[in-house]
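Hi,

Here's the structure I promised to pass on.

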Amino acid sequence: MKKEPSDLENKKASTSLLSSITAGFVCGVIAIALIASFSALIFSGPLAVYMPKGLGLALLSGGIISFVFAFLDPSKSAIAHPQDAPAAIMAISAASISTKLVDSENLLSTIITSLAIAALCSGLFFFILGRYRLGRFIRYIPYPVIGGFLAGTGWLLVQGSFAVMSDIPLELSTVQQFFAIKSLKLWVPGLIFAVTLLVSLRKFDHPLLFPAFVLGAFALFHTWVSLSGLTFQGATDSGLLLGPFPDGSIFASLQPSDLQNADWSAVLGEWGNYATIALIGSLSLLMNASSIELALQEDTDMDAELKAAGYANILSGTFGGLVGYQGLSVSLLSFKMKANSKHAGILIAVLCLVTIFVGTNALAYFPKMILGGLLLFTGMDFMVTWLYDAWFKLPRIEYFLIVFLVVVIATFGFLEGVGLGVLAATILFVVNYSRIDVVKHHLSGENYHSLVERSRKNLTILTERGTELMILQLQGYLFFGTAYQLLEKIKEAALKTKGAPIRY
């Protein structure tokens, strides 16, 4: 006979459901704000005219990734959505394509196709890593190289955030225009918001602090607009708000016509950025999963996490969406609000999809300085972690490797940074292992015997002639450099031997 649930069990279930709904709405608002900031980052400058379609694509991918991950994530502890690092690199790719196809009728189709290819490649890469249990090998990339990649990503987010707030790229050629009074009014409030948020979150650890800052900044902005007598249309025309959006749905996805009209030479020309997005995405995914695992104190199957992210991104790419995986901040916030992440993730997916069809009017009221401020906060957080905190934690050679990679990424590009990072990883491995003595113990037959029981006569012979036997216990890995080092040690020991020469 089936046992009926007790009143206490029913109360716990209803409390858990209420917590999940509350967490889903709070995390959903944060996720939508982040997704909007990523789409604004990609569709900025000359691409800003396509922002409504870009936002539709981003929200659709947010709904797909959150929904798929809610069902396939084995731990049921993480919430997934489009992420910052892939968006920052995709923004570079979109800007490169727009430069090549300026005034082309096929520009939007080419950008959408490029987004789809990036998500499909990343999804396939994630799936292969998980399917063949290769996720652990990503962890062998040296810590400072990962730090350099993430700090470089931080710089790209910082650079892109100012373009979102002021519509002016942060470059040497635009310095005078960037610091004009008109531009200062657009990005200085976002800078103040980002710095205040960063300092507060580093000093206080409370799950509601982040959403409180976002909602507080939103309320403060609209209070200022109201008191200044500025109309909604005036604020939009001044570049303060995210809109205008077209009436009705902003649904957008990859269409067969996009594949036909896309400039495939421009799409395939960005292969380096697609590969970089897949690599950086896998590193960020595994680090986020490890951080969630540590915070929740539960074991996580990293290969299963990779496969779940693979399925989610392949489906997202099929519709022309962004690359996404576990979001650290929303996952931990959901956990601290005692929510079932499966329910919260599904609710976030529903909110993303509802926003596409009926919620664009609300998004039109969202200040660009807050969206840019969120991007600026994320970028600054990466850079402070890897360029300030790392100074006190890492050896100087590893710290300066991080700085070197950031300079390369900022000066030449992410692909060049990745190439030099792999080269640096190889050199760092060789240098570190060349410092380790491969000989752990140097013994002889005189003082090191086997466990075999021998007669007194044989033991006497072993003691008298034991110096003819050299025993080297090794450690670490043998490659050309350390093997040569070992050979030199053997030669040196053989030449220095007193008495009978070494025979074995």
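How are α4 and α14 oriented to each other, roughly parallel or roughly antiparallel? Before I answer, a word on provenance: this is a predicted model, so local features need pLDDT of at least 70 and side-chain atom pairs count only at pLDDT 80 or more, while totals for chains, interfaces and linings use all residues. Residues are numbered from 1 along each chain as its sequence is written, and side-chain values use heavy atoms, with hydrogens and water left out.

**Helix pairs**

Helix α4 (residues 107–131) and helix α14 (residues 302–318) pack at about 160 degrees, and their axes are 7 Å apart. Helices here are DSSP runs of H or I with at least four residues, numbered from the N terminus. Axes are lines fitted to C-alpha atoms over the stretch in contact, and angles run from 0 to 180 degrees between N-to-C directions. So the answer is that α4 and α14 are roughly antiparallel to each other (angles over 145 degrees count as roughly antiparallel, under 35 as roughly parallel, 65 to 115 as roughly perpendicular and the rest as oblique).

The crossing of α4 past α14 is left-handed (the near helix is turned anticlockwise from the far one by less than a right angle; clockwise would be right-handed). On the α4 side the contact includes A116, A119, L120 and G123, and on the α14 side it includes D303, L306, K307 and A309 (contact means heavy atoms within 4.5 Å). By class, the residues of this contact are 11 nonpolar, 6 polar and 3 charged (Ala, Val, Leu, Ile, Met, Phe, Trp, Tyr, Cys and Pro count as nonpolar, Asp, Glu, Lys and Arg as charged, and the others, Gly among them, as polar).

Next up is helix α9 (residues 209–227) with helix α18 (residues 368–387): their axes come within 10 Å and cross at roughly 150 degrees. That makes α9 roughly antiparallel to α18, and the crossing is right-handed. F210, V214, A217, F218 and F221 of α9 make the contact with M369, I370, L374 and F377 of α18. That contact divides into 9 nonpolar residues, no polar and no charged.

Then there's α6 with helix α8 (residues 181–203), packed at an angle of about 130 degrees with axes 8 Å apart. These two are therefore oblique to each other, and α6 passes α8 in a right-handed crossing. Here F162, M165 and S166 in α6 meet L186, W187 and G190 in α8, a set with 4 nonpolar, 2 polar and no charged residues.

On a 1 Å grid over the protein atoms alone, a cavity is a set of points where a 1.4 Å probe fits but cannot get out; a pocket is an open set with protein on both sides within 12 Å along at least five of seven lines; and lining residues have an atom within 4 Å of a point. Points are joined across faces, edges and corners, and a volume is the space filled by probe spheres set on them.

The largest cavity holds about 70 Å³. It has 13 lining residues, with P86, A87, M90, L322 and V323 the closest to its centre. The lining is 11 nonpolar, 2 polar and no charged, and α3 (84–100) and α4 each give at least two residues.

The second largest pocket has about 560 Å³ of space. A91, A95, Q159, P169 and E171 are the closest to its centre among 25 lining residues, and α3 gives the largest share, 5 residues.

Cheers
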